[in-house]
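This report describes one protein chain for a reader who is new to structural work. Please keep the sequence and the model in view while reading.

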Amino acid sequence: MDGSHWVGIKAIAQEMGRRGHRVTVVIPEVSIRMGPGKHYDTLTYPVPYDRAHIDYVMSSHIDVMKKSAQSFTEKVAKRFSQIKRITGFIHTTAESLLFNASVISLLAQQNFDAVLTDPMVPTGSLIARKLGLPTINLLRGIPCSMDMKSAGCPSPPSYVPRFFTKNTDKMNFKERTINTLVSK
């Protein structure tokens, strides 16, 4: 999982490697943030786009996120167009890996114990299924508090700060109210 989701995965991969586990990170030849690390190996695979395409997708995403004087319908249309662009990019990246027989064969020969993945995009889960391996899912930042629900642990919104609220575990009444509304 590239982009901001890579930050959490990278920290775990680095620490596992530092503790002596053999870790291999599978990376597209052109990526947003992914790259080699000191405590893990990398395996790259070709993708049918270049750095200019990634820069275009990212810059258009930033443009959509900026506040503007557009009408509501224009904003929705722009946002929808951006979602299509990003999902197309993710789809192309996933397809490039999933249909690369030589990379899949190389991964199968490694006899891994598990696949560490971010389930926001199912590519890692699909690779794990293809290789007959269990997944270890990093669930931080999944929309609609699905990360909290899937963990099966108590997570009362009046005490546990929600993503994007910038609240801490010490909230006043107003912060607890906003935290509860965000969790729904």
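## Contacts and the overall fold

Two residues are said to be in contact when heavy atoms of theirs lie within 4.5 Å. The model examined here is predicted.

The chain contains 7 helices and 4 strands. Read from the N terminus, these elements follow the order α-β-β-α-α-α-β-α-β-α-α. The chain has 184 residues, of which 31% count as buried. Among contacts between residues at least 6 apart in sequence, 39% join residues at least 24 apart.

Helix α3 covers residues 72-98, that is, 27 residues. Several residues of α3 are buried, namely Gln82, Phe89, Thr93, Ala94, Ser96, Leu97 and Leu98.

Which residues does Thr123 touch, leaving aside those up to four places away in sequence? The residues concerned are Ala94, Leu97 and Leu98, and these three are among the buried residues of α3. Thr123 itself belongs to helix α5, which comprises residues 123-131. The relative accessible area of Thr123 is 15%. Because buried means under 20%, Thr123 counts as buried.

## An aromatic pair

The structure holds 1 aromatic pair. The partners are Tyr49 and Phe89, whose ring centres are 5.0 Å apart. Their planes stand at 50°, so the pair is classed as tilted.

Tyr49 is located in the loop between β2 (41-45) and α2 (51-65), whereas Phe89 is part of helix α3. The pair therefore ties together parts that are 40 residues apart in sequence. Both Tyr49 and Phe89 are buried.

## The packing of α4 and α5

Two packed helices are described by the angle between their axes and the distance between the axes. For α4 and α5, the axes come within 10 Å and cross at roughly 65°. The crossing of these two helices is right-handed.

Which residues of α4 and α5 meet? From α4 come Ile104, Leu107 and Ala108, and from α5 come Ile127, Lys130 and Leu131. Sorted by class, this contact has 5 nonpolar residues, no polar ones and 1 charged residue.

## Loop residues

Most residues other than glycine have a negative phi. Asn111, however, has a phi near 55°, which is a positive value. Asn111 is found in the loop between α4 (101-109) and β3 (115-117). With a relative accessible area of 62%, Asn111 is exposed.

Lys166 also has a positive phi, near 65°. Lys166 lies in the loop between α6 (146-151) and α7 (173-183). Is Lys166 buried or exposed? The relative accessible area of Lys166 is 81%, so Lys166 counts as exposed.

The loop between α4 and β3 also holds Gln110. At 29% relative accessibility, Gln110 is partly exposed. Gln110 and Thr24 are separated by 86 residues in sequence, yet their C-alpha atoms are 9.5 Å apart in space.

Methods. Residues numbered from 1 in each chain as written. Predicted model: local features only at pLDDT ≥ 70, side-chain atom pairs only at ≥ 80, totals over all residues. Heavy atoms only, no water. Expected span 1.5 Å × (residues − 1). Buried < 20%, exposed > 50% of the residue type's maximum accessible area, 1.4 Å probe, protein only. Axes fitted to C-alpha atoms, helices over the stretch in contact; angles between N-to-C directions. Left-handed = near helix turned anticlockwise from the far one by under 90°. Nonpolar A, V, L, I, M, F, W, Y, C, P; charged D, E, K, R; others polar. Phe/Tyr/Trp six-rings, centres within 6.5 Å; stacked < 30°, edge-to-face > 60°.
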